[in-house]
Amino acid sequence: MTLAQQFDAYHLWRNNVTHLIARLQSWLADGDLLDSQADQRLRRIRGRLTEDKLVVAFVAEFSRGKSELINALFFADRGGRVLPSSAGRTTMCPTEISWEKGQLPNIALLPIETRAEGASIAELRGVPEAWQSFPFDAQLPESIAASLRRVGEVKRMPADAAQALGFAVGDGAEGSLVADAEGLVEIPRWRHAMISFPHPLLEQGLVVLDTPGLNAIGAEPELTLSLLPSAHAVLFILAADTGVTQTDLSIWRDHVGNGPARLVVLNKIDGLWDGLRPNSEIDAEIGRQVESCGRILGVPVSSIFPVSAQKGLLAKITGDRALLAKSRLPRLEEALAERLLPAKRDIVAGGTAAEALHLAGEARQLLATRLAAADEQIGELTELRGKNESVVAHTVGRVKGEKETYERGLREYYAVRSVFSQLSETLFSHLGMETLRSHARRARDTMRQARFTPQLVAAMGELFAAARDNLDASERNIVEIADMMHAMHEKFGKAYGVVLDPPPAFSLVARRRQLDELDSGFRRQFGSLLNLLTRDKRTLTQQFFETVASQIRKTFDHANRDAEYWLRALMAPLEGQVREVQRQLKHRLDSVRRIHEAADSLEDRIEELMQEQSLLNARLNELEELEAGLEAALRPPQGKPPTTAA
Ligand SMILES: Nc1nc2c(ncn2[C@@H]2O[C@H](COP(=O)(O)OP(=O)(O)OP(=O)(O)O)[C@@H](O)[C@H]2O)c(=O)[nH]1
Ligand SMILES: [Mg+2]
């Protein structure tokens, strides 16, 4: 399937899931089974389903053909180049291309000077005044080209001013900038570009992230520590004419790594089409190059895609099918589609499945309790048929006794609930944003006073250590809470014959791993950059620090949300059942009392209960059908094992 077809299939699936969840939501509301928290939860799930984006990032040393590949993969239908692509350095700043209906086609650029202000790109996204915006006419290729060329704009400034913005100035080694005779260096004019470009794939939620070559990559920690790690797929591009150079290798190691959704592209294979050798020989040579790249990067050859972006683009524009096949672009397209969308589907399905099905399960348990109570009452009342007044009085006494015993038993439940609240509070004190903020404040102060690199790194190390300690302490809390609730579920279930699904498992392992990845990414990147900088490490250090701190914040934020959801999922079913059993006992007592007082006829009451019974059975069937629909939609497509995505 092509990317466009995969996108269509994904959207069909997503609309189906959204529709099923909406049905579940209204069904729960109709049956009075939806509390406000659960309602909010379902709303959020639906919001998440409609808003989701898919980010594909292109990373490489300069001039490997990133921009050309983007043009060939996504924009060939425009009949020419959309992104500028030329020899030497072309793209000077990270460039995000996306589209939302109703926008005007334009390019918004963030001046490089904003680096000195300490605000992150993420923060500045919400500040339109910080950006310079240039609209273009998406129907006119010249208008598009003229506006998009701005991503390549540079400016000259004194070396120390450039250093104050976090650029490395040196002898040109490892991408450091070299000052000219007047002491000026050339730096990118913009820090980040956001292009709004009307396009069907972009409208479906695709976001393309083009990046500049090495030195500009490394100098924007937010790109490398935040944008790239969160991309759904990263394409790393090599060129057949250069092979894997030292800088390619360091970009690969520092910024791409080998997460599951990483694809390696060996571009410019047309350089080998010399017109003299037979195709078989050329193919063999491409095969050898692919193998050698695989060996050096440590990836299987099946993840390496030899292509010619330029010929692929040309072939698409001129409709030359033979050339397109020869460019091998279609295979890359397929691989991208196959890895990207199923992976995305699994992530979305995973999150959605757990939450929506859990809520449905809670409702099912409540209905089951109601049904069991109706059954029991029918039995109880049927026994009273033809019995005298004293037997009825005896039954009233028995139900009353049961109700009192139950209410006494609830004391234990209230005690557990209060311990639960205390433990939850402790959990949030470890996981809380306030704690994290105070760690960050301390680390920031230490960094300000630090004068040498090891001190800087140590201060960051302390922040990571503090964050880890908090996750560990939270994990211990989680185990304690889980044990207690497990016992409570079991006890309650046994005592009242109520069937409760086992409480959901929860752990912070994934968050812990995020933290570890951030830590090692930071160490690698910060370490190699600091070696480059001879003086004025302040701006860069500050940028690194703020990026890391905000990523840790994000991790904790997620952990908090997960924990909140988990605690609710632990307590809500129990709470619901406690109330339900209480209500049922009250009903039973009321109805035998009324029969005793001859206010109601026994037969009428039995008839009523039987109607309720069949209504509950019908509702349970409806719910089961809804659950089955959701489960089927959320199961991975047949024949394909679930993908693990980055
Ligand atoms: N022969 C050949 N040249 C290519 C191919 N792909 C790109 N190029 C050329 O390589 C040069 C660099 O391409 P770009 O797309 O600008 O490379 P980039 O990776 O975006 O480079 P920066 O933006 O500078 O980081 C341009 O002159 C392209 O025309 C290809 O498949 N074959
Ligand atoms: Mg480029």
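Analyst: A quick word on terms before we zoom in: helices (H or I, at least four residues) and strands (E, at least two) are DSSP runs, numbered from the N terminus. Residues are numbered from 1 along each chain as its sequence is written, with chains lettered from A and ligands numbered from 1 in the order in which they are written. Keep in mind that this is a predicted model, where local features need pLDDT of at least 70, side-chain atom pairs count only at pLDDT 80 or more, and totals for chains, interfaces and linings use all residues, while side-chain values use heavy atoms, leaving out hydrogens and water.

Now to the ligand. There are 22 residues around ligand 1 (one heavy atom within 4 Å is enough to get in), and Ser63, Lys66, Thr90, Thr91 and Asp270 come nearest.

Serine 86 makes one through its backbone, with an N or O atom lying 3.1 Å from an oxygen atom of ligand 1. Alanine 87 also uses a backbone N or O atom, and that one sits 3.2 Å from an oxygen atom of the ligand. Lysine 268 brings in its side chain instead: a polar atom there lies 3.0 Å from an oxygen atom of ligand 1. On its own, ligand 1 would expose 650 Å², and the protein buries 89% of that (Shrake-Rupley areas, 1.4 Å probe; for residues, only the protein chains shown count as cover).

Which elements give two or more residues to the shell around ligand 1? They are helix 3 (66–74) and helix 12 (309–318). Helix 3 is the biggest giver, with 3 residues.

You'll find it in the loop between strand 10 (262–267) and helix 11 (279–297), and its phi is positive, about 65°, even though it isn't a glycine. Most residues other than glycine have a negative phi. Lysine 268 counts as partly exposed because its relative accessible area is 28%; the cut-offs are under 20% for buried, over 50% for exposed and partly exposed in between, with a 1.4 Å probe and protein chains only.

Arginine 328 is another non-glycine residue with a positive phi, this time about 60°. Its loop runs between helix 13 (321–327) and helix 14 (329–383). With a relative accessible area of 24%, arginine 328 is partly exposed.

Of its 646 residues, 51% count as buried.

Asparagine 106 belongs to strand 3 (residues 106–111) and is buried, because its relative accessibility is 16%. Its side chain has a polar partner, too: a 2.5 Å contact joins it to the side chain of serine 133. Alanine 164 is in helix 6 (residues 159–164), and at a relative accessible area of 28% it is partly exposed. Alanine 164 and glutamate 113 are 51 residues apart along the chain, and their C-alpha atoms are separated by 9.7 Å.

Helix 19 (residues 538–596) makes a handy last stop, and phenylalanine 545 is part of it. That residue is buried, with a relative accessible area of 2%. Its C-alpha atom and that of serine 418, 127 residues away in sequence, are separated by 40 Å. Threonine 555 is in helix 19 as well, and it is buried because its relative accessible area is 7%. For threonine 555 and arginine 511, 44 residues apart along the chain, the C-alpha separation is 6.2 Å. Methionine 571 also lies in helix 19, and a relative accessible area of 8% puts it among the buried residues. Pair methionine 571 with alanine 337, 234 residues apart along the chain, and the gap between C-alpha atoms is 41 Å.

How values were computed:
A polar contact is a pair of N or O atoms within 3.5 Å; within protein, one must be able to donate a hydrogen and the other to accept it, and residues adjacent in sequence count only if both atoms are side-chain atoms.
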